[in-house]
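This briefing covers pockets, aromatic contacts and strand pairing, in that order. Please read it alongside the sequence and the model.

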Amino acid sequence: MALKNKIILIWPRLIYCQCWTKAYRRAFESMGFVTELVDPMQQDFTEQIVRAVDDTALFFLGWAEDGFKWKLGDENLFDAVGVPLVSVLIDHLEYNLKALVSEPVLTANRFLCGLYDESDARLAERDPRLQPVKFFFLPNFGVRVDGFDNPDRARQQSITFCGSIPDYDHLRRHIKSALSKELSRVADSMIELLLTDERIIPLDALEAVEQRTGRTVPTDRTVDLLQWTSHYVRGYRREKLLRAFAKKGIEIELYCPGADFDRLGLKGAHKNDALDYDGNLRLLTESKITLNTSPLSHWGLTDRLLNAMANGAVALTDTNALIEDCFRDGVELALFSHRDYDAAADRAAALLQDEAGRQDIAANAAAAHLAGHTAEHRAAYLTELFKSVDFS
């Protein structure tokens, strides 16, 4: 019997997933696996699959929707070729649910789906259509910039933030116009709960409202409620945090869509064009402090946080249970609470003044990344997990 030591990686469309794919490829090869890339954007993709699949193939690795709906004749592609697909979601399950509940996925025997947040398994349990899907939790990992080996060197940018800042007032109007009066009230109640308790996630809020009212939201509207309330809270929290920085006179470099910046008109904030994934990574090597908000997860790690730790920027971040399980406040990162944005701004100012303390955190963070949160760690976890899965 041939040794199954080949992992076939599906080349993704998204640039940041391409970065992760290259990191995984290096990791698997360092573990002694043979790897091969197949590119669905090429005309000869089917021929690539045929050439790649042999008796040594262990599994395909893809991202998000890549591979979800591929078929060979009337059969799921991966069942047809006899090699399982491991698909890793790049965001919460609600952003992938509509693609998952498709016939090629639900009839597949050889399909394993990696969750962004372990809590997303609860959402999967709400939808009986997803019962055939095998889910597991696979945390993100940090990507270290090639050639970057000195987290303590002088940095050109003091505080940076990369990401969108959703207009939460606009989102509130959209929610009211897009939903029935009853569901709009559910959304209002969810938002109130989320803004009151920073330790809960949208699914917690939805389930609390359902329990209080005795009514279950239909599956087809659950996704909308979770996505829209998540965007609302993300926009609200980010804007309130940045306004606290402005009030304190703390300068910050914002790398965000221009419309977001112009709408906010923040004193002390400097406008920069939004960066691609590689640009974000390089920026972290030049940042003293970078903001991370908000995870909106119980048991998940954002790549923004881990990339900061990998590249020597102190992460000033809100928190969740997994972050607190893995890292220590003031040792590998700096935590803030959404209950007090002025205190978050004060902590940023104190970190800027404490060069030695900041460098200690950055060095500890880089060590923690190398010790447990690299692509090599996730590749080892994935291959061990795969051995225990029954695809019969």
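What volume does the largest pocket have? The largest pocket has a volume of about 1,100 Å³. This is a predicted model, in which local features need pLDDT of at least 70 and side-chain atom pairs count only at pLDDT 80 or more, while totals for chains, interfaces and linings use all residues. Residues are numbered from 1 along each chain as its sequence is written, and side-chain values use heavy atoms, with hydrogens and water left out.

**Pockets**

- A pocket is found on a 1 Å grid over the protein atoms alone, as an open set of points where a 1.4 Å probe fits, with protein on both sides within 12 Å along at least five of seven lines; lining residues have an atom within 4 Å of a point.
- Grid points are joined across faces, edges and corners, and the volume is the space filled by probe spheres set on the points.
- The largest pocket is lined by 41 residues, and Y16, I90, D91, D303 and R304 lie nearest its centre.
- Two or more lining residues of the largest pocket come from each of α1, α10, α12, β12 (287–292) and α13 (303–310); helices (H or I, at least four residues) and strands (E, at least two) are DSSP runs numbered from the N terminus.
- Helix α1 gives the largest share of that lining, four residues.
- The lining of the largest pocket divides into 20 nonpolar, 12 polar and nine charged residues, where Ala, Val, Leu, Ile, Met, Phe, Trp, Tyr, Cys and Pro count as nonpolar, Asp, Glu, Lys and Arg as charged, and the others, Gly among them, as polar.
- The second largest pocket has a volume of about 220 Å³, and its lining includes C19, K22, R26, R144, D146, D278 and R282.
- In the second largest pocket, too, α1 supplies the largest share of the lining, four residues; by class the lining has five nonpolar, no polar and six charged residues.

**Aromatic contacts**

- Rings of Phe, Tyr and Trp (its six-membered ring) pair if their centres lie within 6.5 Å; planes under 30 degrees apart count as stacked, over 60 as edge-to-face and the rest as tilted.
- The count by this rule is 16 aromatic pairs.
- W20 and Y277 have ring centres 5.8 Å apart and planes at 85°, so they form an edge-to-face pair.
- This pair links W20 in helix α1 (residues 15–30) with Y277 in helix α12 (residues 277–284), 257 residues apart.
- Both W20 and Y277 are buried (buried means under 20% relative accessible area, exposed over 50%, partly exposed in between, with a 1.4 Å probe and protein chains only).
- Y168 and Y236 are also edge-to-face, because their ring centres are 5.1 Å apart and their planes at 70°.
- Y168 lies in helix α7 (residues 168–178) and Y236 in helix α10 (residues 219–247), so the pair ties together parts 68 residues apart in sequence.
- Y168 counts as buried at 10% relative accessibility, and Y236 as partly exposed at 23%.
- One aromatic cluster includes Y16, W20, F59, W63, Y277 and F386.
- R172 lies over the face of Y232, 5.1 Å from the ring centre; the rule asks for NZ of Lys or CZ of Arg within 6 Å of the ring centre and within 35 degrees of the ring normal.

**Strand β3**

- In strand β3 (residues 57–63), seven of seven residues are buried.
- Strand β1 (residues 6–10) pairs with β3 in the parallel sense over four bridges; two strands pair if DSSP finds at least two bridges between them.
- The bridge partner of I8 in β3 is F60.
- Strand β6 (residues 85–88) also pairs with β3 in the parallel sense over four bridges, and V86 in β6 is the bridge partner of L61.
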